[in-house]
Amino acid sequence: MTIKAVLWDLDGTIADSAALHYQAWQGIMGRYAIHYTHQMFVDSFGRNNAEILTEHFDAADAATIQWVSHEKEADFRALLTPGALEPLPGVLDWLACFRQQGLPQVIGSSGPMANIAAMVHALDIGDYFLALVTGTHLPKGKPDPTLFLRCAAVAGVEPADCLVIEDSIHGIEAAQRAGMRSVAVGALANSDGLRTLLAVENAASCLALPSLAQVDALSFLL
């Protein structure tokens, strides 16, 4: 099956923004006297803010959740100082290869558009992408497949013709539920969670790579 579009996650896949996000989460949770551990952060990475905050703010209304979410993301953007982010190893090679192949590339991130745009600008990678798509306003975040299905629609291709590149178990599950092939990168590649997810019958193809610096893996995809 031919790949006709590439859908990229952003945080943790294109750039390692985890430390900045955790710093922002710690700040906002501390502001509201909520105990928030690094393991909580790791377990929720890739999900949207509304779902995360609803679990920690008892009986909070939607307006409060939205306000706190905006505060957290504003704190994150304030941390995006010059040089704070760099593309992860191999990312620029993969972006350039897909562009050379004429494949449309779309970012599908659970983060708000202001964050996506700020990160893409800071990384100077905007010209590689056909579109940037946010899942912030969707009723459900990853592992719900809606965000990636929207990305496929924006690229004008069928879901089965898309390749998703992701670093979170929620993102790979979203790709599976959308019927899309995927590349699982980073620590996720060697995780028990990924092996369990992919052990189900009729799972879509998923290539596990500890790093996109393994550029030779492109030959298995194109």
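Two strands pair if DSSP finds at least two bridges between them. The model discussed here is predicted.

Q: How many bridges join strand β4 to β5, and how do the two strands run?
A: Strand β4 covers residues 162-166. In β5, I165 has V183 as its bridge partner. The two strands run parallel, and the bridges that join them number four.

Q: Which helix makes a right-handed β-α-β unit with β4 and β5?
A: A unit of this kind with β5 and β6 contains α9. For β4 and β5, the unit is also right-handed, and its helix, residues 169-178, is α8.

Q: Is strand β5 enclosed or open to the outside, judged by how many of its residues are buried?
A: A residue is buried when its relative accessible area is under 20%. Five of the five residues of β5 (residues 181-185) are buried, so the strand is largely enclosed.

Q: Which residue forms a salt bridge with K142, and where does that residue lie?
A: K142 is in the loop between β3 (131-134) and α7 (146-155), and its partner is 133 residues apart from it, in the loop between β1 (5-8) and α1 (18-31). Both residues are buried. The closest N and O atoms are 3.1 Å apart, and the partner is D9.

Q: Why does the salt bridge between D75 and R31 tie together separate parts of the chain?
A: The closest N and O atoms of D75 and R31 are 2.7 Å apart. D75 counts as partly exposed at 23% relative accessibility, and R31 is partly exposed at 46%. D75 lies in helix α4 (residues 62-78) and R31 in helix α1, so the pair ties together parts whose separation in sequence is 44 residues.

Q: What separates D192 and R195 within helix α9?
A: D192 forms a salt bridge with R195, with the closest N and O atoms 2.6 Å apart. D192 is exposed at 55% relative accessible area, whereas R195 is partly exposed at 46%. The two are three residues apart in helix α9 (residues 192-198), a separation of about one helical turn.

Key
Residues numbered from 1 in each chain as written. Predicted model: local features only at pLDDT ≥ 70, side-chain atom pairs only at ≥ 80, totals over all residues. Heavy atoms only, no water. Salt bridge = Lys/Arg side-chain N within 4 Å of Asp/Glu carboxyl O. Buried < 20%, exposed > 50% of the residue type's maximum accessible area, 1.4 Å probe, protein only. Right-handed = clockwise from strand over helix to strand, strands pointing away.
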